[in-house]
Each structure stands twice: as C-alpha cells, then as structure tokens.
Amino acid sequence: MAGLIRQGHFLGAKLRSLRKRNGLTLDELSARCVQIDAAGAPSVSYLSMVETGKRMPSPQMLDMLAGIFGKDARWFLDENTEVEVAPSARERGGLEAMPLEPAFLFSHELLQNALPELLSQTGTTGRQFAQLLIRVWQETRHNNFPDIERAAEECGAREMPLNLDALMTICKRHDLQIKWFDGGADVATQGGATAGVTARKPSEALIRSRFEAPGTVLVNERLRNQEERLKYELAFFIGHKVLHNGDGAISPHSAMHSGDGETANSTAGMGAQDVLYAWRDFECSFFAGALLCPRIPFRRFLIREAHSVSAGRKLGVTPALVMRRMTAVSPYRHWHFFDAYPPGFLRAVYRGNGIPLPWGNMSLVSDPCPRWAVFRLLQESPAATPLMQKPKSQISVMQDGKRARLYCCHSLLTRDAFDELHVLSVGVDLLPALEAQGFDGESVVAAVADSCRHGGGDGRIPAEAAATIRAASQVLNIAWIADALETQASVICPRSGACPRQPQVCA
C-alpha cells in the first residue's frame with residue numbers, strides 16, 4: 001500500500017506540473033477528457049484528488065491523460081522525483097522596446113507638446129496613433145480585460161449561444177430602441193456616433209450602424225438579412241450603453257477598412273478626443289465579443305471543436321469574432337490575428353506572440369512579403385470569389401534578427417457586410433508550445449528551415465519535425481496545426497528588403 005501511495009504522489013505531481021505548464025484549469029482538463037471519452041472521463045474533483053495523491057487513476061484513465069499531454073503512461077509511473085521545470089519565458093518577436101533615456105526628455109509635459117508635432121510632420125492621424133497605443137496595451141495584457149468580461153457576463157448571464165431575440169430583449173432592458181436606415185446613403189458626416197464604417201473609397205463611406213444618444217441604434221438595412229453581423233452591431237451598442245451610459249461619444253470611424261480607419265476629411269495630428277474615442281471603440285468591440293462568446297463557455301466550446309473557426313456557425317457569430325475571441329480566452333497566450341484588405345491594408349491587428357507585421361497599419365507598404373498566407377490569399381483572390389471559402393493553414397519559418405521562429409496560421413478569404421473581399425488570419429507561435437512539452441524547439445525550426453532552404457523557400461516538413469509539431473498541436477487541441485502539416489512550409493520575412501530566399505522573391 002505504501003508503494004502505491006508513493007507512486008500516486010509522483011503521478012499527481014507530474015500531472016499537476018503538466019497541466020499548469022499548458023495553462024489548463026482542472027475544469028478544462030476534465031472537458032478535454034470528456035471530448036475523448038464522455039463515459040470514462042474524470043470529474044474535476046477526482047482530478048484534484050489524483051493531483052494530490054489521494055487517488056490512483058485506472059490504466060484506461062491514465063492512458064487518456066497521457067494522450068492529452070503527448071506522454072507515455074509509463075512516464076507518470078516512474079519514481080523520478082525530478083518533475084520537468086517549466087521553460088523560461090521566451091522573448092516575443094518583433095521590434096525591441098526602446099529605452100527612454102535620458103528620462104527628462106520623455107517627461108509627460110515634453111511628450112504632450114512633442115507628440116502632436118511629430119504626428120503632424122509624419123502625416124499620422126491621432127486615430128492611427130491611438131490605435132497603435134491600444135494595440136500595444138492589448139498585446140501587453142495578452143487581451144485580458146476582466147472588468148469588461150465581467151460587465152458582459154452580467155449583462156448576458158453567460159448565455160451561449162445568444163440568439164437575436166435574446167439580444168433584442170437585452171436592448172429593451174437597457175432602453176435601447178432599434179431603427180433602420182437606407183444603406184445606400186453616405187452618412188459619415190451626419191450627427192450621431194457611429195460604429196462599423198466601411199469605405200469603398202475615401203469619399204464614400206457606408207455605415208453599418210450608428211448611435212444617437214441617449215438610446216437609439218440605427219442599423220443599415222443591408223444587415224437585416226445578415227444575422228451574425230447584426231448581432232455583433234447590437235452587442236457593440238449594448239456595450240456602449242453599459243460601459244459609457246450611452247452618452248454618444250463613440251468615434252464615427254470605428255470600422256473603415258481603408259487601412260488607417262480615416263475618412264477623406266481626416267488630417268494629421270492629434271485631436272482632443274482621438275484617444276478617448278478609439279479606446280471606447282475598443283471597449284465596445286471587446287464587450288460585444290465577451291457578450292456573444294463568454295469566456296468560460298467559449299473556452300469549452302473551443303475544446304469540443306478543436307479550435308475550428310467554421311464551428312462559429314453553431315453559435316451564430318462571424319469568423320472574425322471567433323478568431324478574435326480565441327486570442328482572448330485561450331490558455332495559450334502566443335497568438336496573432338490580422339484582418340487585411342487589398343492591396344495591403346491591415347484593418348485590425350493583434351500580436352500577443354510579437355510576430356513582426358507583414359506591413360504597417362499606418363500606411364500602405366508597397367513591397368510586403370508575398371509568402372505570407374494573408375497576402376497570398378489577397379493576391380490570388382478572383383473577383384468572383386464566393387462569400388466564404390474553406391480556411392487554409394500554413395506553417396512558416398521567419399528569421400527574426402538572430403533567431404528563427406516557427407508560426408502556424410489559419411487564414412480565411414471572405415467578404416464583409418458590403419461584399420468587399422478581405423482575409424481573416426489567426427495564428428500561433430509554435431516554439432513556446434514545443435518547449436513546454438520538453439522538445440528542442442530550436443532543432444525543429446532548424447529542420448523545417450533547412451527543408452525550405454533546399455526547396456528554394458518552400459519545403460515539406462521533415463517527418464521527425466512533423467511528428468513533434470503534431471504532438472504539440474494535440475496538447476494545444478488546435479486541429480488546423482495538424483492540417484498545415486499536410487502542405488509545404490514556407491519562409492516568410494517581415495519586410496521584402498530582408499528577404500532570406502535565394503533568389504530573393506520579395507525584392
């Protein structure tokens with residue numbers, strides 16, 4: 001009996017270490033087991049007793065737990081007291097932070113006077129600068145905003161899926177009245193705050209919806225038959241009512257796709273309320289996502305669906321919302337998300353994994369690397385592209401300074417509310433996942449990079465590297481990573497001027 005207790009202690013310590021390293025709660029680990037075998041899956045309380053050595057799992061249950069973490073069951077039963085140490089925090093990719101020295105030149109007063117002039121001289125609008133600040137704040141916080149999450153969950157009671165009738169009931173509860181307007185008119189300069197501006201050209205802004213204080217939501221007739229998008233618009237303005245008391249101070253440029261989110265009347269420099277309006281737009285957008293896809297139920301949904309983007313149809317939400325919420329609720333923190341319009345405008349950006357940008361979101365870059373999946377889909381898209389195509393997955397190697405990095409992205413060419421083509425792309429940095437499982441991530445990246453180098457920039461993923469990546473994908477429970485292993489990997493670069501291919505294809 002003493003030997004069994006001793007064995008159970010080692011097993012529990014190892015299971016707890018693995019679970020913590022992969023960012024899973026006991027509830028989420030139990031849900032992963034249910035996904036494999038609903039009848040034989042352990043409860044949360046039983047898993048807790050296993051981790052504390054009070055219970056020994058059956059051989060079948062141990063095999064199930066071992067499979068989730070890509071381990072052999074015998075690894076849990078040896079008496080090696082050395083539980084693997086979690087890998088040290090990995091540096092994010094992208095540009096390094098700049099030291100603000102000497103400190104007196106970066107005082108609040110000097111920056112307050114210098115920034116407007118800098119923006120004016122560089123042709124940068126206050127809204128563009130505000131969006132940059134908010135994006136960096138998002139990435140620093142890894143898209144974790146518990147106050148907004150709580151406000152949304154109190155509003156919607158964590159109901160998921162939330163149908164249109166339920167949203168209408170919430171609108172009524174918050175004294176919001178819904179009205180419709182003709183979607184053909186250019187109303188961008190009319191009074192009232194606006195959300196969802198989309199521009200075909202700078203002089204022609206088409207509005208999805210707008211808000212008139214204290215409680216009127218005006219919705220474009222075009223959305224009447226687009227329920228997924230209509231639900232988002234209503235959730236957005238419910239957020240404005242809940243978070244800001246519906247005072248109407250919402251930027252009229254919240255969703256233009258023209259890359260910088262500005263109209264033809266926008267001028268360079270900092271406006272008095274640019275940052276406030278941009279921040280409120282972000283808050284309402286995040287609230288809408290949390291209302292339609294509340295954190296805990298949506299996490300469980302992602303577990304059941306193996307992070308399938310197309311599964312969002314079951315919830316009646318758009319692929320863009322599914323992708324954005326993945327980056328916010330996943331226990332894995334190393335995500336990125338792009339929403340790109342041709343020829344190369346980034347309408348939305350999130351880089352929790354620090355991936356360098358394929359092009360800027362402040363100005364159009366004329367020479368982006370064409371091997372990025374998001375750019376390739378934009379370039380290859382025919383005019384007759386259907387409403388939504390099947391998503392495509394790609395594993396990419398990038399030389400970021402002195403280090404090579406390995407990413408996997410899942411990209412979808414689709415059309416927006418006004419029938420314009422754009423690409424949605426969500427992805428992960430694979431190195432932290434590989435190293436969390438005790439694999440030599442650097443060797444895996446080197447093997448993939450070597451195959452691509454011999455193939456002139458594209459190459460099949462070597463079998464050993466593919467097996468390692470597949471094991472990590474099973475732990476992450478992201479099925480589209482395994483899908484990407486069936487296609488060639490590609491070398492990408494942050495900017496074409498640094499193309500690592502020979503001959504250079506981005507030059």
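Let us begin with Tyr341, whose side chain makes a polar contact with the side chain of Asp416, at 2.9 Å. Please keep in mind that this structure is a predicted model.

Where does Tyr341 sit in the chain? It belongs to strand E5, which covers residues 335-341. Is Tyr341 buried or exposed? Its relative accessible area is 3%, and a residue under 20% counts as buried, so Tyr341 is buried.

I now turn to a second residue, Gly289. This glycine lies in helix H11. With a relative accessible area of 2%, Gly289 is likewise buried. If we leave aside the neighbours within four places in sequence, Gly289 is in contact with Pro294, Leu321 and Arg325. Between Gly289 and Ala152 there are 137 residues of separation in sequence, while their C-alpha atoms are 8.7 Å apart in space.

Let us consider next the nonpolar interior. In soluble globular proteins, nonpolar side chains tend to be buried together. In this model, the largest nonpolar core has 88 residues. Which residues have the most contacts inside it? They are Leu291, Leu406 and Ile469. Helix H11, residues 274-292, contributes the largest share of this core, namely nine residues. Another core lies apart from this one; it has 20 residues, including Leu11, Cys33, Met61 and Leu62.

Ile469 deserves a moment of its own. Which residues does Ile469 touch, once its neighbours within four places in sequence are left aside? Its contacts are Ile395, Leu406, Leu430, Leu434, Val444, Ile461, Ile481 and Leu485. Leu406, as you will recall, is also among the residues with the most contacts inside the largest core.

Finally, let us step back to the protein chain as a whole. It contains 18 helices and 11 strands. Of its 507 residues, 54% count as buried. The chain exposes about 22,600 Å², and carbon and sulfur atoms supply 53% of that area. How many of the contacts between residues at least 6 apart in sequence join residues at least 24 apart? The share is 67%.

Notes
Residues are numbered from 1 along each chain as its sequence is written. This is a predicted model: local features need pLDDT of at least 70, side-chain atom pairs count only at pLDDT 80 or more; totals for chains, interfaces and linings use all residues. Side-chain values use heavy atoms; hydrogens and water are left out. Helices (H or I, at least four residues) and strands (E, at least two) are DSSP runs, numbered from the N terminus. Buried means under 20% relative accessible area, exposed over 50%, partly exposed in between (1.4 Å probe, protein chains only). Contact means heavy atoms within 4.5 Å. Accessible areas come from the Shrake-Rupley method with a 1.4 Å probe; for residues, only the protein chains shown count as cover. A polar contact is a pair of N or O atoms within 3.5 Å; within protein, one must be able to donate a hydrogen and the other to accept it, and residues adjacent in sequence count only if both atoms are side-chain atoms. A nonpolar core is a set of buried Ala, Val, Leu, Ile, Met, Phe, Trp, Tyr and Cys residues joined through side-chain atoms within 4.5 Å.
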